[in-house]
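Let's take a friendly walk through a protein model together. Have a look at the sequence and the structure first.

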Amino acid sequence: MSDNSEKIEVEGVIKEALPNATFRVDIGGKIILGVVSGKMRVNHIKILPGDRVKVELSPYDFSKGRIIFREKSRGEL
């Protein structure tokens, strides 16, 4: 099992929703493919274009990532 210290965590903005819980995420000018993590699927966390998210990247492939957290917007409690 991979060690968590190897993962790179970045913040981004959802640009487009794709089928099968995948999204196009803008992380500072670069667009990557983001997949929703298992805990977010189990807890039915909704993600929409424009949401700010945290993405976990592997040090080997920077073109794909796992969406691990959705930032709360100002309107939510």
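This is a predicted model: local features need pLDDT of at least 70, side-chain atom pairs count only at pLDDT 80 or more; totals for chains, interfaces and linings use all residues.

Residues are numbered from 1 along each chain as its sequence is written, and side-chain values use heavy atoms, leaving out hydrogens and water.

Strands (E, at least two residues) and helices (H or I, at least four) are DSSP runs numbered from the N terminus. Two strands pair if DSSP finds at least two bridges between them.

| Pair | Direction | Bridges | Residues opposite each other |
|---|---|---|---|
| Strand 1 (8–18) and strand 4 (52–57) | antiparallel | six bridges | Val10 and Val55 |
| Strand 4 and strand 5 (64–70) | antiparallel | five bridges | Leu57 and Gly65 |

Strands 4 and 5 also form a hairpin, with six residues between them.

Now to the core, meaning buried Ala, Val, Leu, Ile, Met, Phe, Trp, Tyr and Cys residues joined through side-chain atoms within 4.5 Å; buried means under 20% relative accessible area (1.4 Å probe, protein chains only). The largest nonpolar core has twelve residues, among them Phe23, Val55, Leu57 and Ile67. Strand 4 gives the most to this core, with three residues. Contact means heavy atoms within 4.5 Å. Leaving aside neighbours within four places in sequence, Phe23 is in contact with residues including Ile14, Ile32, Val36 and Ile67.

Finally, Ser37 sits in the loop between strand 3 (31–36) and helix 1 (38–42). Is Ser37 buried or exposed? Ser37 is buried, with a relative accessible area of 9%. Beyond its neighbours within four places in sequence, Ser37 is in contact with Arg66, Ile67 and Ile68.

Definitions and conventions
Buried means under 20% relative accessible area, exposed over 50%, partly exposed in between (1.4 Å probe, protein chains only).
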